[in-house]
Amino acid sequence: MSSVVQGFNPRTGEPFGDGVPKTSDSEVDRIASAAAAAFGPWSSLPATERADVLDSLADALDASSELLITTADTETALGVPRLTVELKRTTNQIRLFGEVLREGSYVEATLDTANPDIIPPRPVLRRVLRPLGPVAVFSASNFPFAFSVAGGDTASALASGCPVVVKAHSAHPRTSVETARVVASVLPEGVFGIVYGTESGRALVQHPAIKAAGFTGSTGGGRALFDLAQGRPDPIPFYGELGSVNPTVILPGAATPDIAAGFAQSLTMGVGQFCTNPGLVFAPASIVSALGEAVAASGGGAMLNERMCDSYRASTDALAASDLVTVVSTGTKPDEAWAVEPRLFTVPLETFRDNLEKLTEEHFGPAGIVVTYSDPADLVDVLRRLPGTLTGTVHAAPSDHEAAGVIAEALRHIAGRLIFNAWPTGVAVAWGQHHGGPWPATTNPLHTSVGATSIRRWIAPVTYQSWPDELLPPELQDANPLNIPRRIDGVLGTH
Ligand code: NAP
């Protein structure tokens, strides 16, 4: 077995750059132990000072953008325009956590004054969220910046006061090396570490110093690591974002040919390698040919790695050869080593319902299935039976609004984000974002991996009972020295 993680150029299939040495168990131990040693100082730094470090990190990544984007483009073939936007999104995401720290409500400071006259009597109670300890972050292949070394899991964990050890994704080792170099140049010693090679990830998630883990990737890989995290003598929280079918319902009033271009664009963006790809569409049969024409007119591209390319070709070929679906159309592809073309299939609702498990298998890439229906009321039971998913989308005209409400109620049981008259690709980084959902969309439906509240994964409550003011964290002191929003005796305010 090779001792290095070798990157490749998906456009040519040729190796790219020097292989990166796999991290040995003893190195994993050294890096995780350094993170444990850094936890105290990093977590006790005032939140506003951690915010300043995060701002410096975002600036440093922006300053290295040319090298980072060129390297990532060679290793992923995602293209310079897309990667330029993704890096900006990544640095803005880091800056958002600076804002979260300065605003301060993320610690949910909650104070109860004493009341000896109620049953049971109440002492002075002060509750706050505190960081868990060093966090393992497994980067994703399809977002070499936004969900990788300096991505959302890393940014939110660092913001919370947790040191981070990243397991680099094997599909972009040189991008990981270059990003890690920038991150390590800004953060204090030990607060950030990185490991390479599949075995190092397994060792990391089982290391006693690691207190939680974040993951974005396949259901199989996520499940394997989740099981390792739960099988530890001291099981730790494992937040995995896994597979997602992203059902889209086009209601009769919205089923016009105008909708087709937006669908094809969302389906084929980034060669369909988005966890929010709209691969499952419920629509009246009248619109299938328009959707098919738009997909036929769209182009594919090189997939992130050979394994994904082979898996897309094999799974869509098997689907085309099955007697369950009809092929509607196939798009084009460039003459590149690991390139694939978009594909669209169709199936009547009855057949879909009878073969739901098989027809909701993920075909990671630019493939979609249109499930045709006659009456929107027939969709409700089927939607409720779909696997957990990150998003659910409804396209509706004003004449469809009553049906849209019924569909939304069905979707909210299985999806973390409900979208109206838009497409699910494109996940805004904001205070109100939720990027999560029931299994297998994630391993924990209570949390999000995008947006301000993703920080909540790395902080746990502690209540201080009857402690003197000067021994309390500043967030809980009487004078509210940080001037943050707090709940006092049930009343929310900056007091
Ligand atoms: P992956 O194979 O699950 O890899 C993600 C991470 O998990 C990598 O660091 C990988 O290590 C590690 N890993 C995988 N299996 C493992 C195991 N059994 N034990 C220990 N570590 C393991 O995901 P991927 O390569 O990014 O993509 C493969 C599939 O994931 C896609 O075809 C798609 O279905 C899905 N996917 C989903 C999302 C999403 O956002 N939900 C994103 C991307 C991909 P190595 O790098 O060393 O292999």
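This is a predicted model: local features need pLDDT of at least 70, side-chain atom pairs count only at pLDDT 80 or more; totals for chains, interfaces and linings use all residues.
**View 1. A negative patch on the surface.** Glu350, Asp354, Asp375, Asp378 and Asp381 together form a negative surface patch. One of these residues, Asp354, belongs to helix 12, which covers residues 349-354. Asp354 counts as exposed because its relative accessible area is 61%, and the exposed class begins over 50%.

**View 2. Two cis peptide bonds.** Most residues other than glycine have a negative phi, and most peptide bonds are trans. Ile119 and Pro120, however, are joined by a cis peptide bond whose omega is about -10°, and Pro120 sits in the loop between strand 3 (110-112) and strand 4 (125-131). A cis peptide bond also links Trp439 to Pro440, here with an omega of about 5°, and Pro440 lies in the loop that runs between strand 18 (415-420) and strand 19 (459-465).

**View 3. Glu108 and its positive phi.** Glu108 is a residue other than glycine, yet its phi is positive, near 50°. Glu108 is placed in the loop between helix 4 (80-103) and strand 3. With a relative accessible area of 35%, Glu108 is partly exposed.

**View 4. Asn483 and its positive phi.** Although Asn483 is not a glycine, its phi is positive, at about 55°. Asn483 is part of the loop between strand 19 and strand 20 (486-488), and its relative accessible area of 54% makes Asn483 an exposed residue.

Methods:
Residues are numbered from 1 along each chain as its sequence is written. Side-chain values use heavy atoms; hydrogens and water are left out. Patches are made of residues with over 30% relative accessible area and no salt bridge: like charges are joined within 9 Å, nonpolar side chains (Val, Leu, Ile, Met, Phe, Trp, Tyr) within 5 Å. Accessible areas come from the Shrake-Rupley method with a 1.4 Å probe; for residues, only the protein chains shown count as cover. A salt bridge is a side-chain nitrogen of Lys or Arg within 4 Å of a carboxyl oxygen of Asp or Glu. Lys and Arg count as positive and Asp and Glu as negative; His and the chain ends are not counted. The place of a charge is taken as NZ of Lys, CZ of Arg, CG of Asp or CD of Glu. Helices (H or I, at least four residues) and strands (E, at least two) are DSSP runs, numbered from the N terminus. Buried means under 20% relative accessible area, exposed over 50%, partly exposed in between (1.4 Å probe, protein chains only).
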